Amino acid sequence: MSVSTPKERRIILKHADDPNYSNRIGCYLREGGYENLKKAFSMQPGEVGEEVLKSGVRGRGGAGFPAGMKWKFLDRKSGKPIYLICNADESEPGTFKDRQIMYKDPHQLIEGMMITAFAIGAKQAFIYIRAEFHEGARILERAISEAKKAGFCGNNILDSEYSCDLVVHRGAGAYICGEETGLIESLEGKRPNPRIKPPYFPAVLGLYQCPTIVNNVETLCNVRHIIGMGGEEFSKIGKPNNTGTRIWCVSGQVMKPGYYEFECGSLTLGQLIFDVCGGLRPGRSLKAVIPGGSSAKVLRADERFSGTLKDGTEFDWGLEDIPLDFDGPMAAGSMSGSGGIIVMDDTVDIVEAMANVNAFYAHESCGQCTPCREGSLWMRKISQRMCSGGAREEDADLLLSVAKQIEGRTICAFGEAAAWPTQSFVTKFKEDFIRKATDSPKERDPKSLQLI
Amino acid sequence: MDNSINLSDDTLSKIDEVVPKYPEKRSAALMVIHLVQDELGAVDDASCEWIARRLELQPINIKELITFYPMLREKPWGRKHVRVCRTLPCALRGSYGTCKTFEEKLGIKEGHVSEDGEYSLEFMECLADCGQGPVVIVDEKTYENIDGKTAEKFADLLIDGKLDESEDFHSYEDSLTQETKN
Amino acid sequence: MIAPDNKEMVNITLNGIEVEVPNGINAVEAAALHGKEVPHYCYHPKLSVAGNCRMCLVEMGTPMRDRASGEPILDEDGTPKIGWVPKPVIGCATNITPGMHLKTESDLVNECREGIMEFLLVNHPLDCPICDQAGECRLQEFATDYGRGYSRYVERKNVKPKRTRLGPRVTLDDERCILCSRCIRFSQEVAKDDVLGFVDRGSFSTLTCFPGKELANNYSLNTVDICPVGALTSTDFRFKMRVWFLKESKSVCTESSAGCNTLVSSREGTIQRITPRRNDQVNDTWMTDSGRELYKLVKAKSRIRRPSFQGSDLPLDDAISQAFEALKNKKIGVVASCHSSLEEQFLIKRLVEETGAKVFIRGHFGEDDGILLSADRTPNLRGALVAGLTNHYPSDHLNDLNESLADGHVDALLVMGEDLKESGVNEDHLKKVPLVFLGTHQNSTSDCAEVVLPGLTVFEKSGSLINRSFFLQSFDQAIPCPAGLMTDFKILARLIDLFSEDSIAPSELDQIWEALSSSENSVLKGITFLKIKKGAIQLDESKWEHLSFVEKEALHYLPTGVIAS
């Protein structure tokens, strides 16, 4: 590699692995905690929003939509109360960043949320946390009560007129609750069936049909830092349109999987895998990478990616050259999603890997709309049969066709999340799928890694 | 006050505390279900009806939730509930082997409860700790890097009731507390 | 319901052709107005929009505007440039805006429909020949139009409960259910009885009631009507009949003053079922379960099938003569009925005028359910007002008749179906006077009548009724009447003719309406029966505004004096 790998720049996870730093408020205050909340309260709410807009910060939950813009869509004319929800349902396979924040530095999230609540004029705020984070919910509850006692949350925040209660709400193990309108339904005590858009855009008709902002944990933490350093300054971190840092969660078959925070666009996928994560296990070679959580399209190790970026520059990348920001993986035909990078080496049976992903989406489909409900289960049944000695040559094309019949036709983005893995796995590794039918043994090798 | 399902005073008071936190009662459904399930181990039909009355809903409204969410139960798990992550990142690091080891050691198939009600095993979807897979959760504690081989020792300690005092396995939650003393 | 109530017409382009549609209605309705069917399962015009079946996917575009100036962006040829949404959108949740472009027949749209059809069928049993829904199944219909024609599915189908009793009148086959949620939405939004729900999730989601609860409300059968597939079936009608053998006739439910529009389905003169017929101003697409049972009266044991005189059968003509003999030169009391059709009431009025008889009429009342079973349990109380049979609001008894009989002001009776004993008339009085009974079913009054003239049920005759909102609505004869009988107003006309020396009473619907509509002061002026058949007619109710009607606020009904919210 010609350019040397940069060092991590930890803003969000600054204290995550500090043995002398706890998740209690004392520690947080010693490190300058809640100073930015005070700063925000010395501004007008609109000014806070402007700073966030200026920062260019994009949502860290998966879609990468500019957060400041999202806030602008809020319907303020209706006169209905406004709600803020933190999406802490972290459930995209391969993603484990929000866990670190909530367990290790919860006050950072609370400060970010209270600044956001103030900026948008929220009447009440919720943290929707996945229920498998048993301790995480308790840590947040305790942190909130500490913050309330200190006047950073709840009634008359910092002795101002502004009050906003913050409530921790636990999910119960459903991936679909990460979809913001599914989350809202869940928070209303209903089955988390995502809502049709139009008309139910959360910023207009969200929680209780009131204007609602749903932001990811990491996004809300960034708000705290944007106010601290100013939107202008924040926008200088990373690259234009890809500002701030990103936490890359690396899992799968590398030597040192884990979470790594870098300035956006400061390193390539190759640098992350081979330098930061210590490369693959001895004797293995890279087969495929899913760059943005399991719903992102898989990238093949020997693929070439070429085209023209938004700014007009032409690119011709190998997998290792893909810059890690929002736009890089997108230009390569996939996405950086929630930052979950899943690495597969050459020992992986690619059909089984896809079958594993298919099983996940079939299990997690809420079942509300036809294409996702029936298509995701059908794909699972096909891929499972293929891995159990029943593969047919036509299955590859059938899978592609089923996936195509889901994509773009569902109520929520789950349809794409279920279809994209299948489409990319089959298209890019078609020979593996054909081979399953033609010369794969009917019994699996008991020593091989089982994925389904 | 209606307490036909015999909840403890502690649970009742927690329920009374949580319901008014929401602008609409129905919103408290999941939290109330969790509290009931934490105490009773499951939410049976009688509990559904009790929760529905408490929140001024119809029992079907609660049943719809119990059966949708994998963590909500109509019948209880074992006294020790082992969850192994099945999803790709953990599978890539051997979680199918982990599950198999537990099946052999605990003598139950995944998705089942042992006859004596002591253990249950669940092979479930992503637990959001993919960097240290395979991930295993015992009751509420998360253990990392438990592959098929490691799981043998892990299961033995679990069965002997010595997991908590073991030097070899520290849960994510316990490591946290140790690292973060004020 | 997402679409606003808006009558303003706007231009849109539908499949390349400019057409006019009401602003704000959805694309499914807009296309239908111009003969383009957008297939759908979950969308129902009278329920909230769920958008889950995805069958109504269409292509949609809107005229592009310059962000800064707001000016339309024009194509090279000067026409507005259309920004097409990159993905297909669901027609049911796409509300018309001026200038919108819709494609309901493109390759992409057809591909979407084919895909959805395939998905809906992969876990659906393909045993159509033995399915009760056959012939009125939207899956069958759209599979014919958009199906692939062969199956690519070689996996096992999901297994779900069959033949579940959902309630006393509804049976559920979960394997046939396509999870469109129409029945759930109906129960919540219209019947206000939140008993149905989905349990489990994904493709394994299953429709059910909570254990121990049932879909038992008086509107449960509407879920069967709106179920687009064979999942919900009527336990009564199930497997009785292939629907394509049924003859359908338009009728009106006589259960109460709500006046639900209905379809009466019969085969070879036997009624098999009654279902609601859409009327957006009266009953939308709903009716009560109890109203559907009324056809059973046709063959009830107590049905009067033969004319009789002093207990012996005789031909109808002779019976009418006996009736005249019994009544002539008497101080007649006529007990009219709010169950009679307007035409019958008109002839009663005519008879009264001809004979100088005194009219008595009572009402029948019950609980108002606030939906489609109103407190007035007769279909035509307002008809009695319009026909001029009474100026007062009828009470639930005939005490005044009792008095008239006691003091001798009335010494002969013609009774239109009412049970006088049950109406508070002393039996001893009845024994003293000749009594002619004209009605459909036996009761204590027919039992003591000198002459019994059989009437026809609403299913065996034609006529009109005026509902609680003063809508004048017609009903058609659905089945032939029992042999040897004739429709009530013809009997009345014959009787009048016997009393009258110099005129002939109208005895055909058209003649009756000629008379009804010719009166200068009548609210019926200018109306013909043909006009009513074409659609309900709203009558001017101001003349009767001062009366205390008993109906409560309900679906499409506001009591006088209540201000609409």
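## A strand pair in chain C

In this predicted model, C:R165 sits across from C:T171, a residue of β8(C). β7(C) and strand β8 (residues 170-172) of chain C run antiparallel and are joined by 2 bridges. Strands here are DSSP runs (E, at least two residues), helices are DSSP runs too (H or I, at least four residues), and both are numbered from the N terminus. Two strands count as paired if DSSP finds at least two bridges between them.

The pair belongs to an open sheet of 3 strands in chain C, ordered β7-β8-β11 with antiparallel pairing. β7 (164-165) and β11 (232-234) of chain C are at the edges with a single partner strand each, so one side of each has no neighbour in the sheet. As a reminder, strands of a sheet pair through backbone hydrogen bonds, either parallel or antiparallel.

## Chain C as a whole

Stepping back, chain C contains 15 helices and 24 strands. Its C-alpha trace spans about 90 × 55 × 35 Å along the principal axes. Of its 565 residues, 49% count as buried. Buried means that 20 or more other C-beta atoms lie within 10 Å of the residue's own, exposed means 12 or fewer, and partly exposed is in between, with C-beta atoms placed from the backbone.

Two residues are in contact if their C-beta atoms, placed from the backbone, lie within 7 Å. Among contacts in chain C between residues at least 6 apart in sequence, 65% join residues at least 24 apart.

On the chain C side, 24 residues are in contact with 25 residues of chain A. Helix α2 (residues 107-122) of chain C gives the most to that side, with 7 residues. By class, the chain C side has 11 nonpolar, 7 polar and 6 charged residues. Here Ala, Val, Leu, Ile, Met, Phe, Trp, Tyr, Cys and Pro are nonpolar, Asp, Glu, Lys and Arg are charged, and the others, Gly among them, are polar.

Turning to chain B, 40 of its residues are in contact with 58 residues of chain A. α2(B) gives the most to the chain B side, with 4 residues. That side divides into 22 nonpolar, 8 polar and 10 charged residues.

## Reading the model

Residues are numbered from 1 along each chain as its sequence is written, while chains are lettered from A and ligands numbered from 1 in the order in which they are written. Since the model is predicted, local features need pLDDT of at least 70 and side-chain atom pairs count only at pLDDT 80 or more, whereas totals for chains, interfaces and linings use all residues.
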